[in-house]
Each structure stands twice: as structure tokens, then as C-alpha cells.
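This report describes a single protein chain, going from overall properties to individual residues. The sequence and the structure come first.

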Amino acid sequence: MSKLIIDSVRIAGMAACVPLTVEDNLTLPIFSSQEEAQKVIASTGIRCHRAVKSDQTASDLAVKAVGQLLSDLKWEPSDIDCLFYVCTSRDFIAPQTACILQDRLGLRNDCFVMDLPLGCSGWVYGMSVIGSMMSHGSLKKGLLIAAETNTRNRSKTDRTVRPLFGDAATVTALEYDPSSASPMRFSFGVDGSGYKAVWAKYGGMRYPVTPESLELTEYEPGVSRRGTDMVVNGMDVFGFAIKTPPNALKEFIAEFEVDTDKLDLLLLHQANKFIDEKIRKSLKIPAEKVPYCMEEFGNVTSASIPLTLVARCSETLRSRPCYMLACGFGVGLAWATMDFSTDRIVVSPIVEL
């Protein structure tokens with residue numbers, strides 16, 4: 001097991017921004033009937049999701065979320081020493097979007113910024129990166145943005161993906177605090193042989209965009225997409241998700257001697273409620289300790305865990321100490337697990353753009 005323990009860094013606050021537009025699966029034109037839509041909702045737990053406008057990017061949502069959180073924390077942009085941007089739907093191939101965010105947010109020119117183009121496990125991986133950097137004490141305040149505009153790179157005429165994915169941006173504020181911060185503990189895993197489980201073939205350097213890759217092709221009734229659109233091979237993802245994440249969580253619990261009875265929350269990547277419920281039951285965690293927001297926001301990849309905290313757990317996080325176990329898993333195929341504690345942090349209301 002690859003593992004990591006980070007001391008002296010605490011979560012100070014969290015915020016999220018979602019688009020104004022709501023797409024309801026019951027009214028999507030890609031389904032042949034209401035019955036077909038109901039079956040998808042029943043099997044995934046996803047009723048609707050948010051979708052950005054054609055001229056909006058994940059960084060636009062991020063700017064709104066960061067502005068809200070800094071205001072509520074009473075932090076100034078000049079206070080921020082580092083910013084990490086977890087996103088695969090970046091503004092450009094180059095430069096990294098974190099550079100653009102430095103300017104848009106008014107951060108200092110000596111701020112440490114970096115893109116982390118990670119998917120479903122991205123928030124946990126991102127927490128390990130920013131926590132490691134800040135634990136040395138030179139960087140006092142930092143921001144971890146986990147954002148995605150999934151509706152921009154998934155076909156609107158593909159019923160295997162359009163009902164599932166949504167758009168959102170989240171920001172987690174962290175602070176160097178050796179006097180009161182509890183340890184954050186991590187474990188990681190990856191199986192790159194499964195990279196085609198969730199992928200877009202065209203658009204990178206291996207397979208550059210061609211005229212043919214931009215043509216809309218029908219693969220079966222209700223499934224049409226371009227070569228640049230994201231593909232989700234459902235059975236591959238399902239087989240991975242029902243086996244690897246629960247095993248990783250059990251190994252983490254054993255390695256770090258986690259007392260699951262003392263957990264306040266188990267936070268799972270929000271992709272499919274049936275899968276998450278199998279994980280929850282395998283760990284014997286009570287249902288009331290496993291919050292979900294996928295029914296309202298869909299699968300927002302790297303933003304799913306922090307969005308769940310902001311959307312469903314804000315009062316708990318604001319009012320009392322909370323001990324949590326989190327696991328992100330998916331694109332890569334990659335997975336990451338962590339446990340961490342918070343103590344009456346700032347949680348901003350969800351904002352819309």
C-alpha cells in the first residue's frame with residue numbers, strides 16, 4: 001500500500017458553484033419514453049444535473065466559488081500562498097488554467113499554482129498534494145479547486161453518458177496550523193491498463209483532432225458521439241467500482257486501525273448510488289452516515305466529494321467537530337482514500353452562475 005500522513009494542515013472552509021441550468025432526466029429528448037428515463041434514474045440514483053452555457057468553463061464556476069469562500073472566511077486574495085486546480089476540462093491545452101486563475105482571482109505573482117488534471121479521484125489526490133506542500137510551513141494558506149464541465153465534452157446524443165454527468169466547481173481552503181490540525185492520512189492506487197474504461201480517444205497528442213473525429217457517428221439507437229467525446233464503458237467501470245474501492249477502503253481501515261463506529265461520515269465518489277450502497281453495506285456503515293447529492297447534481301467527477309459536503313453536510317461541518325473517511329475512484333483507472341477531521345469550519349452556501 002502506498003500511503004501518506006500529513007500533519008499541521010487543517011481545512012478552514014469549503015464552497016461550491018453550480019450552473020443555473022437544470023437538466024431533468026425525465027425530460028431529456030434522448031430517451032424513447034418516460035419508462036426508459038425512469039429505469040436510468042432507478043439504476044443510477046441520478047434524477048437531474050446542472051449544465052453550463054456554451055461559453056462557460058469550469059474556471060468560471062471556480063472564480064465564483066472562490067470569491068464567495070474568501071469573503072466568508074474574511075481572507076484577502078493576497079493571503080493565498082498556493083492554488084491547485086483539479087480539472088480535466090481545462091480552458092486550454094496550454095497554458096495551465098491555474099495561471100489564468102491567479103490573474104482572475106487577484107492572487108500574488110509569487111503564488112505557487114499548478115493544474116492537476118485528475119478525474120474522479122482528484123479531490124483526494126489533490127488534498128494529498130496541497131497538504132504535503134503546506135505541511136512544511138512556508139505556505140500558510142492555500143486553495144484546492146476541484147471543478148469540471150462534463151457536459152462540454154460528452155455527447156448530448158449519447159444516452160449512456162448525458163443523463164449521468166453534471167457540471168460544478170468546488171473550493172477547499174486549507175491553512176497551516178500545527179497547534180490544532182489533526183493528521184490527514186492517505187492511500188492510493190492505480191491500474192492504467194483500464195484507461196479505456198473512461199476516455200476520449202481524440203484531442204490529445206496520441207490521436208490529434210481530425211475532420212473525421214469531429215463527425216457525429218451513431219453506434220446504436222440513442223448512442224451517437226464524436227471521436228472527441230468522452231466514452232464510458234459501463235461494464236468495465238461497474239466491475240472496477242464494485243471490487244476495487246471497497247477493498248481499498250478495507251485495507252485503509254486495517255492499515256490505520258480506523259474505528260468505523262467513530263466515523264461521522266463516509267464520503268464516496270458520486271457516480272452511481274447502487275454501487276455506493278454496495279460499498280456502504282460491505283463496510284457496515286449506517287445509511288445516515290453516507291450522504292448523497294448525485295440525485296440533484298449527477299456525477300461531477302473530481303468535485304463530487306466536496307460538493308456533497310457543501311450541499312448535504314454544511315450544518316454538521318459548521319456546528320461541531322467531524323471525523324470523515326473519503327474514497328474517490330474512477331478515471332485512470334485510479335483510486336484514493338483518506339481520513340480527516342474538521343472542527344466548525346466555514347461552509348458557504350452554494351452559489352449559481
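## Charge and basis of the model

The protein chain carries 37 positive and 42 negative side chains, and the centres of these two sets lie 3 Å apart; Lys and Arg count as positive and Asp and Glu as negative, while His and the chain ends are not counted, and each charge is placed at NZ of Lys, CZ of Arg, CG of Asp or CD of Glu.

The model is predicted, so that local features need pLDDT of at least 70 and side-chain atom pairs count only at pLDDT 80 or more, whereas totals for chains, interfaces and linings use all residues. Residues are numbered from 1 along each chain as its sequence is written, and side-chain values use heavy atoms, with hydrogens and water left out.

## Overall fold

The secondary structure comprises 10 helices and 18 strands, taken as DSSP runs (H or I of at least four residues for helices, E of at least two for strands) and numbered from the N terminus. The C-alpha trace spans about 60 × 45 × 35 Å along its principal axes.

Of the 353 residues, 55% are buried, that is, under 20% relative accessible area, with exposed meaning over 50% and partly exposed in between (1.4 Å probe, protein chains only). Among contacts (heavy atoms within 4.5 Å) with a separation of 6 or more, 78% join residues 24 or more positions apart.

Y292 is found in the loop between α7 (273-283) and α8 (294-297), and is buried with a relative accessible area of 9%. Its side chain makes a polar contact with the side chain of E277 at 2.7 Å, where a polar contact is a pair of N or O atoms within 3.5 Å, of which, within protein, one must be able to donate a hydrogen and the other to accept it, and residues adjacent in sequence count only if both atoms are side-chain atoms. Beyond its neighbours within four places in sequence, Y292 is in contact with residues including K273, D276 and R312.

R280 belongs to helix α7 and is likewise buried, at 10% relative accessibility. With neighbours within four places in sequence set aside, R280 is in contact with L266, I285, P286, A287 and V290.

## Ser155

S155 lies in the loop between β7 (141-149) and β8 (167-176), and counts as buried at 3% relative accessibility.
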